[in-house]
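Here are a few notes to read alongside the coordinates.

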Amino acid sequence: MKIWIVWLPNVGKSTLFNALTRNYSADAQNFPFCTIEPNVWLVNVQDDRLEMLRIAVSGAKIIPASCEFTDIAGIVQWASEWEGMGNKFLANIRESDAILQVVRIFEDNDIIHVHGKVDPRNDIEVINAELMLADIETLQKKIVSEAKKARSDKELLAKVETLQKVLEWLESWILASSQSLTPDERFHLYDSHLLSNKPFVYACNVSEDMMDASEDELRKLIWIENSQIRVVPICAKLEADMIDMWLQERKEFLDDMWLISTWLDNLIKTSYDALGLQYYFTAWEQEVRAWTIHKWDSAPKAAGVIHTDFEKWFIKADVVNWKDIVDCWGWSKAREQGKVRLEWKEYIVQDGDVILFKFSK
Ligand SMILES: Nc1nc2c(ncn2[C@@H]2O[C@H](COP(=O)(O)OP(=O)(O)OP(=O)(O)O)[C@@H](O)[C@H]2O)c(=O)[nH]1
Ligand SMILES: [Mg+2]
């Protein structure tokens, strides 16, 4: 899973990137365009269930799910028109699976805002307009090239029609992701890698005193009504202050502020949700491991994530909820207590399933 951190300059993107990656690899300072070259880091997805499972099955090690974050230079108005830096980055964002927008909400007169004042709604419009302008250019070129190839090819003509329809939405400033598309239309759009069709997560960079704001309060503040788009509060500066702290120290630090936890770990989970992803586990003495799959994936599809041949060779699977393995201290007692189910190829895997696949060549 690849997530790109995108927004205006000097809003806390690199600060958040450092907090997520728990180090100081990205330079985060108080001037716009501090970041020039992208910072890339693979982050393990924290999940307490892994450690509990490892103890239950006496596993030797844990292999968590991971997620790649990329922190780029700030995007400014008219970036899509520039020959230079902005344009280059907009093109690169196409490689991402999801876009994490770091919306500046915190007020701090010492931290320069490129528009002179903090106005999250206006800033979101500027960013989304840039993403859509880049998509408009992509679609205009694509329509010309596909129309040339199409002639009397019905499939291609239908594709051109879909591209035209989406182009019209974009020209009216409607995000491609906010409209419903048929599976065929989605397929037509697939190779255009539109930025405005990617899942967005808005990480609202708030000040410490707004850390416990609810999702609804934040939605009102930034005018995001679409419930498909996730909105979460984050205080990048506070998260960055905790990078070097041990677990207990973090707990005490948060206690002092009357906070139980922060949204940082949840941010990755939220991004999983936005992407329609989840994970299941495999657990035995050698290792306990989390495997990323799509929600609604069948058991053979889930097996295919371990090895592509496993999807073909799949016969059946032993499935048990992670909590039952923990409560029963491993597979044997879980079997004795009838917690382990036998599932066949139609089975839709659930988040938190622990699975033992049976194959045959
Ligand atoms: N008060 C306050 N300052 C913050 C917060 N988050 C980041 N900053 C400060 O804002 C400045 C810019 O932060 P960066 O993380 O470098 O911002 P950026 O978005 O990566 O900026 P560019 O790389 O220039 O696009 C730094 O001085 C940070 O310490 C916050 O939550 N509150
Ligand atoms: Mg930066």
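Predicted model: local features only at pLDDT ≥ 70, side-chain atom pairs only at ≥ 80, totals over all residues.

1. Stepping back, E1 and E5 belong to an open sheet of 6 strands, in the order E2-E4-E1-E5-E6-E7 and with mixed pairing. Its edges are strand E2 (39-44) and strand E7 (230-234), each of which pairs on one side only. Direction ignored, neighbouring strands of the sheet are turned by 25 degrees against each other on average.

2. Helix H1 (residues 13-21) lies across E1, E2, strand E4 (66-71), E5, strand E6 (200-205) and E7, and runs at about 155 degrees to E4. Helix H4 lies across E1 and E5, at about 145 degrees to E5.

3. Which residues touch the most other members of the largest nonpolar core? Among its 63 residues, they are Ile5, Val6, Leu16, Leu100, Ala203 and Cys204. The largest share of this core, 6 residues, is supplied by helix H4 (residues 120-150).

4. Setting aside neighbours within four places in sequence, alanine 203 is in contact with Leu16, Leu100, Gln101, Val102, Val103, Val232, Ile234 and Leu267. There is also a second, separate core of 28 residues, including Val288, Ala317, Val320 and Val354.

5. Is helix H9 (residues 247-256) buried or in the open? The number of buried residues among its 10 is 0, so H9 lies largely in the open.

6. Now for the whole chain. The secondary structure comes to 14 helices and 12 strands. With a radius of gyration of 23 Å, close to the 21 Å that the globule rule gives for 361 residues, the chain is as compact as a globular protein of that length. The C-alpha trace spans about 65 × 65 × 35 Å along its principal axes.

7. Of the 361 residues, 36% count as buried. Among contacts with a separation of 6 or more, 68% are accounted for by residues 24 or more positions apart.

Note on methods: Residues numbered from 1 in each chain as written. Chains lettered and ligands numbered in written order. Buried ≥ 20, exposed ≤ 12 C-beta atoms within 10 Å, placed from the backbone. Helix = DSSP H or I, 4+ residues; strand = E, 2+ residues; numbered from the N terminus. Core = buried A, V, L, I, M, F, W, Y, C linked by C-beta atoms within 7 Å. Contact = placed C-beta atoms within 7 Å. Pairing = 2+ DSSP bridges. Axes fitted to C-alpha atoms, helices over the stretch in contact; angles between N-to-C directions. Rg over C-alpha atoms; globule rule 2.2 N^0.38 Å.
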